[in-house]
Amino acid sequence: MAHGVRRDSPKVPDFSLLKRLARDQLIYLLEQLPGKKDLFIEADLMSPLDRIANVSTLKQHEVDKLYKVENKPIISASDQLCFLIRPRIQTVKWICDVVNADKAIGKFRRYKIIFTPQKFYACEAVMEEQGIFGDVTTDEWAFYLLPLDDDIISLELPEFFRDNFLAGDQRWVRTAGSALHLLHSLYGPFSKIYGIGRCSKMTYESWRKQVEEGEQRPRQAEIGSVFLIDRDVDFVTPLCSQVVYEGLVDDIFKIKCGCVEFGPDVTSSDKSIKVMLNSQDKVFSEIRNEHFSNVFGFLSQKARNLQTAYDKRQGMDIQQIKVFVSEELKGLKQEHRLLSLHIGASESIMKKKTKQDFQELLKTEHCLLEGFEIRESISFIEEHINRQVSTIESLKLLCLLSVTENGLLPKDYRSLKAQFLQSYGVDHLLTFSNLRQLGLLVEQQPGETLTVMESKVGKLVNDKTAGKLTDAFSSLAKKSNFRALSRKLNLVPKSDEEYDLRVPRDMAYIFSGAYVPLSCKLIEQVLERDGWTGLEEISRLLNGHEFAVIGSSGVDSKQENDADRIILVMFLGGCTFSEISALRFLGKEKGCKFIVVTTAITNSSRLLEALMDTPV
């Protein structure tokens with residue numbers, strides 16, 4: 001990279017405070033219902049709740065039994081029922097049925113509903129309609145942020161992506177704004193705020209409104225700049241296969257709330273083991289951001305080092321052995337256990353990825369990113385579909401083809417769609433409709449070839465009339481300008497250069513040197529320029545909605561400089577582990593630290609499953 005390497009990364013703020021606040025508020029809400037009670041928890045809240053308050057904590061505050069919310073009659077005999085749920089109408093209707101069933105048989109109980117992260121008017125309207133509004137008490141558990149690691153914080157709202165970008169439902173925007181407000185209250189004030197995307201702009205406005213309404217107290221800033229980015233600004237990155245270790249573990253074993261369950265094929269026993277994946281795991285912290293091709297070499301070296309540490313017991317006297325056992329042995333055993341787990345996971349990844357012709361898949365993706373051998377790539381996709389390899393894999397390749405080529409030629413679109421529906425079922429017509437609506441899988445219209453679209457955008461860039469620009473760009477919405485963006489931002493490094501994955505030179509290493517993630521490149525460029533100056537054409541190719549605001553931190557310049565090296569990036573609609581690895585690499589290069597805040601951790605499977613109305 002052009003800039004000099006700085007290794008003195010600043011210390012990140014202590015985000016464990018977010019957990020403590022969430023736990024204390026939940027305990028307070030549970031104590032509002034004094035005495036023994038049964039707690040019903042919505043399924044997708046169980047993992048986040050486990051990270052905040054475990055079963056023993058709940059038991060200490062008179063929670064007798066725990067149940068999962070299921071769409072069937074309850075078996076609880078308790079006189080007090082507490083429901084911890086998301087603000088979903090379907091779940092509220094089920095609670096109404098529970099209450100009305102009790103009323104029908106003359107059973108008296110006390111009911112409390114705790115909505116998280118907030119309650120919506122629609123839920124209260126359902127309770128009123130079902131005649132239980134006066135029978136239940138309701139509260140909000142403002143649980144906005146779950147720290148998954150030192151530099152990753154999640155809102156744990158996977159539905160944010162579909163609700164906002166597909167359904168146009170903006171109810172979660174205030175939640176995102178409130179999450180930002182909480183970070184600002186605890187770790188702010190922020191010196192600069194940048195963003196791109198319609199949702200980012202609305203989130204910023206929601207946060208600003210909350211700041212203006214709240215009380216302003218001067219404090220020392222712990223976070224400098226903030227960058228807000230919409231997921232639909234960059235769909236290419238989550239559609240590419242992940243090849244960094246953490247990304248592959250997520251793709252294959254499904255990381256949930258920073259925790260993964262390794263089955264018997266990894267543990268070499270008949271048991272499954274749950275493992276917390278974070279920087280506390282010494283082995284994982286060293287390989288999580290590595291390209292997978294480097295992982296086995298590192299693990300074997302680690303195994304040799306561990307053996308050497310064990311072997312030094314030979315020739316020790318009694319006193320030395322005593323010190324060794326008390327100070328080192330426990331740590332070595334723990335490291336040995338983790339090492340064997342990650343070796344097992346790596347072997348499992350190797351087997352699965354070889355079986356799926358992973359190298360051929362990567363080669364096709366790289367061709368699509370570079371714009372080479374498109375006909376050969378289409379043939380590979382057709383073969384993939386006709387062999388019924390995987391619904392998600394086939395959809396991913398179709399979307400990547402469409403996004404990189406600014407839509408498919410009509411004959412290709414019709415042919416590939418027909419083959420897909422024949423292979424995987426006509427139920428997926430709804431999926432195709434959703435993908436078209438988002439601009440992920442579209443048919444080129446006459447006169448909308450890549451060259452014509454680029455010339456249209458070029459003309460718009462030079463158009464000085466603001467009104468015309470707005471109207472013209474709304475007509476270009478949902479169109480991908482990936483090829484033009486790739487050239488202007490140099491997203492695809494020259495293929496004639498040898499790329500050493502052991503010593504990566506830029507963020508492209510996360511995709512084997514084939515592609516620098518657009519989202520991360522944008523962040524880098526805006527931070528380097530201290531705004532969008534010089535990036536006007538880029539922002540227009542991305543359909544605009546960019547902003548840059550300079551705040552006032554109210555601290556002296558030395559403190560401000562320290563804080564300014566902490567940069568918070570908020571992904572609205574999900575973020576991949578590949579992007580997190582890229583930002584960690586960029587942080588090391590720049591001598592700064594990126595904190596990633598995301599509505600949820602995503603990957604190609606989760607992204608596409610959110611848009612499918614048919615189970616995979």
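Why is helix α22 largely enclosed by the rest of the structure? Of its 8 residues (482-489), 6 are buried, so the helix is largely enclosed. Buried means under 20% relative accessible area, exposed over 50%, and partly exposed in between, with a 1.4 Å probe and protein chains only.

## Basis of the model

This is a predicted model: local features need pLDDT of at least 70, side-chain atom pairs count only at pLDDT 80 or more, and totals for chains, interfaces and linings use all residues. Residues are numbered from 1 along each chain as its sequence is written, and side-chain values use heavy atoms, with hydrogens and water left out.

## The chain overall

The protein chain holds 27 helices and 14 strands. Both are DSSP runs, numbered from the N terminus: helices are H or I with at least four residues, strands are E with at least two. The chain has 616 residues, and 54% of them count as buried.

The exposed surface comes to about 27900 Å², with 50% of it supplied by carbon and sulfur atoms. Accessible areas come from the Shrake-Rupley method with a 1.4 Å probe; for residues, only the protein chains shown count as cover.

The buried residues of α22 are Phe482, Arg483, Ala484, Leu485, Ser486 and Leu489. Asn490 follows the helix. Its phi is near 55°, a positive value in a residue other than glycine. Asn490 sits in the loop between α22 and α23 (518-529).

## Helices α4 and α5

Helix α4 (residues 89-104) and helix α5 (residues 121-129) have axes that come within 9 Å and cross at roughly 25°. That makes α4 roughly parallel to α5. Axes are lines fitted to C-alpha atoms, for helices over the stretch in contact, and angles run from 0 to 180 degrees between N-to-C directions. Angles under 35 degrees count as roughly parallel, over 145 as roughly antiparallel, 65 to 115 as roughly perpendicular, and the rest as oblique.

The crossing is right-handed. A crossing is right-handed if the near helix is turned clockwise from the far one by less than a right angle, and left-handed if anticlockwise. From α4 come Ile89, Val92, Lys93 and Cys96; from α5 come Ala122, Cys123, Val126 and Met127. By class, the contact has 7 nonpolar, no polar and 1 charged residues. Ala, Val, Leu, Ile, Met, Phe, Trp, Tyr, Cys and Pro count as nonpolar, Asp, Glu, Lys and Arg as charged, and the others, Gly among them, as polar.

Ala101 also lies in α4. At 42% relative accessibility, Ala101 counts as partly exposed. Ala101 and Ile74 are 27 residues apart in sequence and 10.0 Å apart in space, C-alpha to C-alpha. In the loop between β4 (110-115) and α5 lies Pro117. A cis peptide bond joins Thr116 to Pro117, with omega about 0°.

## Around helix α6

Glu156 occupies the loop between β7 (152-154) and α6. Its phi is positive, near 50°. At 15% relative accessibility, Glu156 counts as buried.

Glu159 lies in α6 itself (residues 159-166). Glu159 also counts as buried, at 15% relative accessibility. Leaving out residues up to four places away in sequence, Glu159 touches Arg86, Arg88 and Trp172.

## Helices α7 and α8

The axes of α7 (residues 173-187) and α8 (residues 198-213) come within 8 Å and cross at roughly 55°. That makes α7 oblique to α8. The crossing is right-handed.

On the α7 side the contact is made by Val173, Arg174, Ala176, Gly177, Ser178, Leu180, His181 and His184. On the α8 side it is made by Cys199, Met202, Thr203, Ser206, Trp207, Gln210 and Val211. These residues divide into 7 nonpolar, 7 polar and 1 charged.

## Thr602

Thr602 is in the loop between β14 (593-598) and α27 (604-609). Thr602 is buried, with a relative accessible area of 6%. Its contacts, not counting residues up to four places away in sequence, are Asp250, Gly574, Cys575, Thr576 and Leu607. Thr602 and Gly247 are 355 residues apart along the chain, yet their C-alpha atoms are separated by 9.8 Å.

Notes: Contact means heavy atoms within 4.5 Å.
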